[in-house]
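This report goes through helix packing, a sheet and a chain contact. The sequence and structure come first.

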Amino acid sequence: MSLLTLEGFGLAVPYGRGRRTLVEQVDLTIGRGEAVGLVGESGSGKSMTARAVIGLTPPGARVTGRIVFDGAEVPSGRALRRLRAERIAMIFQDPRAHINPVRSVGDFLTEAMIHNLGTPVRQASARAVRLLKEVGIGDGERRLRQYPHELSGGLLQRVMIASVLAVEPDLVLADEPTTALDVTSQSEVMAILDELRRERGMAMLLITHDLELAAATCDRLAVMYAGRIVEDIDGEPRHPYTRGLMRSRPSLEEAVHRLPVIPGRPVAAFEAGEGCAFGPRCDLAEPRCRETRPPFVRGVACLRAEETA
Amino acid sequence: MTRRLGGPGVAAAVLLAAIVAITLLAPLLAPYNPDLPDLFNALGGATAAHPLGGDALGRDVLSRLMYGARTTLLAPVLVICVASAAGTTLAIVAAWAGGKVDAVVSRLLDVLFSVPGIVFALVTVAVLGPGVPGVVIGLAVAYTPYVARVVRSAALRERGLPYVAAAWVQGRSATAICLRHLLPNLRPIIVAQSVSALGFAVIDVAAVSFLGLGVQPPTADWGLMVKSGLDSAMRGQPLEALSAGLLIALVVAAVNLLGDRLGRQS
């Protein structure tokens, strides 16, 4: 049975007198213990989608469709708080901004244990030290007394991961967990996150714009463009957008003089016209691509997917 | 801390600490009983026995200054404690709730802000009768917006920061986030603003005493001493009014300087 299901999920935010659609018609399922990657460019709505799962929507936003977690629609109010406290956790992009600067690392790590799970203070501290060890931070006792500004970004992100492990949630929403880190700590942090997640059987929704990273850690990948999922990658990519993304990354095997780029710039959902949102940038676009939104068939939303496969 | 305050800030802090220490130790340090009249010293000038002379009843001015600091300083501190607590609470509630609650609270604070503190003190004194309690209550209401308006805008900014969203996502309640996350981050601003307001409160309390509505004779109080010293000055002994007035000015300047230095850091 699936743990999290999004059905026809959409999100619109107030703009002037009207609303602007940022995400629409997103269907996504994550099974227990499964890692799903949601890949897309900035502004494609991937973060919005993840944040909406735990009710972290911008003020005045209107959510359409259904978000079902473990058989029940995601509630609001007190029940949502319980869900956040015990079953769904989130890892943010910039740990420095997401950890209160005036409270110690120990406060941050033990707060959820003490207040949400009712762990006694002494036990919570001991557990925090063990968790820090698990994420590769050896001198836990000292770290607990330190403040966020005394730790590097990589260490802080490990602390953030430890805080998530502390509550052992069923689902981790990882919103670009390595984007703010430098390249050397990126892979370490990602490896730690993935390993500990697997050990504990936690499911993960990984939001990233790094296709390779997502492919390496996730069981499945979904590609978002202009607020919609354009492809569930299963083997070879078929959507022209995904293929363009694959072509435009540097490879270790072959040297190319200049990497191919996708012409134009990414559009937001509300900027897309009648037809395929990617149409204006697509080198395979035909007149019919401009007329109707391509339906999502067999894992891809492209009228020409069959021919190009 | 020393580097944060800079030279003048440290000087101000030391001066205030010295005044507070002398006040606390007044029973040991004061050469005379501040309330004991001595007709031989009435309107007396400065002598070795009475360095600042005597007032109209011959009470020793120096001793009265030492004891008088108690009410002169304690009342403003009480005012600011109450005003800071009330102001911070209102500010955080307004910033957190937003919308209509924020609008109502903010307009209410604007209205309070538009009325001078002394006027509030006059109203509460009229209801409760002259004395320190009426003055403290009136001025505390008047000073609430001083703290609340600044803290509200800071809380509004702080509220939008990602760590608040992160705490939210951890399943913490709004109350817990406000108390455990927002408040510690707002503390420097609250302290700086409160200390600045304290300077004004000292003046207002002294002014109300001067008008005869605050501390009642024969208790020693700087504001009251400026008032009674005026009469003495007419009769040729200006030391009482001058020394009390100078001390008020000195304390206000020191407090303001301290508040300014603390505010610069936050």
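## Crossing of two helices in chain B

The crossing of H4(B) and H6(B) is left-handed, meaning that the near helix is turned anticlockwise from the far one by less than a right angle, while clockwise would be right-handed. Leu109(B), Leu112(B) and Phe113(B) of H4(B) meet Val141(B), Ala142(B), Thr144(B), Pro145(B), Ala148(B) and Arg149(B) of H6(B); two residues are in contact if their C-beta atoms, placed from the backbone, lie within 7 Å. By class, the residues of this contact are seven nonpolar, one polar and one charged. Ala, Val, Leu, Ile, Met, Phe, Trp, Tyr, Cys and Pro count as nonpolar, Asp, Glu, Lys and Arg as charged, and the others, Gly among them, as polar.

H4(B) covers residues 99–114 and H6(B) residues 132–159; their axes come within 8 Å and cross at roughly 125°. The two helices are therefore oblique to each other (under 35 degrees is roughly parallel, over 145 roughly antiparallel, 65 to 115 roughly perpendicular, and the rest oblique). Axes are lines fitted to C-alpha atoms, for helices over the stretch in contact, and angles run from 0 to 180 degrees between N-to-C directions.

## Basis of the model

The model is predicted: local features need pLDDT of at least 70, side-chain atom pairs count only at pLDDT 80 or more, and totals for chains, interfaces and linings use all residues. Residues are numbered from 1 along each chain as its sequence is written, and chains are lettered from A and ligands numbered from 1 in the order in which they are written. Helices (H or I, at least four residues) and strands (E, at least two) are DSSP runs, numbered from the N terminus.

## The sheet of chain A

Six strands of chain A form an open sheet with mixed pairing, in the order S6-S7-S8-S3-S9-S10; two strands pair if DSSP finds at least two bridges between them. S6 (88–91) and S10 (228–233) of chain A are the edge strands, each with a single partner, so one side of each has no neighbour in the sheet. From one strand to the next the twist averages 20°. H7(A), residues 153–167, lies across S6(A) and S7(A), at about 175° to S6(A).

S9(A) runs parallel to S3(A), with four bridges between them, and Leu38(A) has Ala222(A) as its bridge partner in S9(A). S9(A) runs antiparallel to S10(A), with five bridges; there Tyr225(A) is partnered by Arg228(A). The hairpin of S9(A) and S10(A) has two residues between the strands, and Ala226(A) takes a positive phi near 50°. Five of the six residues of S9(A) are buried (20 or more other C-beta atoms within 10 Å of a residue's own; exposed is 12 or fewer, partly exposed in between; C-beta atoms are placed from the backbone).

## Where the chains meet

Chain A brings 18 residues to the contact and chain B 15. H2(A) gives the most to the chain A side, with four residues. That side has nine nonpolar, four polar and five charged residues.

In H7(B), residues 162–169, the buried residues are Tyr163(B), Val164(B), Ala166(B), Ala167(B) and Val169(B). Their cover includes H2, S6 and H3 of chain A together with H6 and H8 of chain B. Gly171(B), with a positive phi near 85°, follows H7(B).
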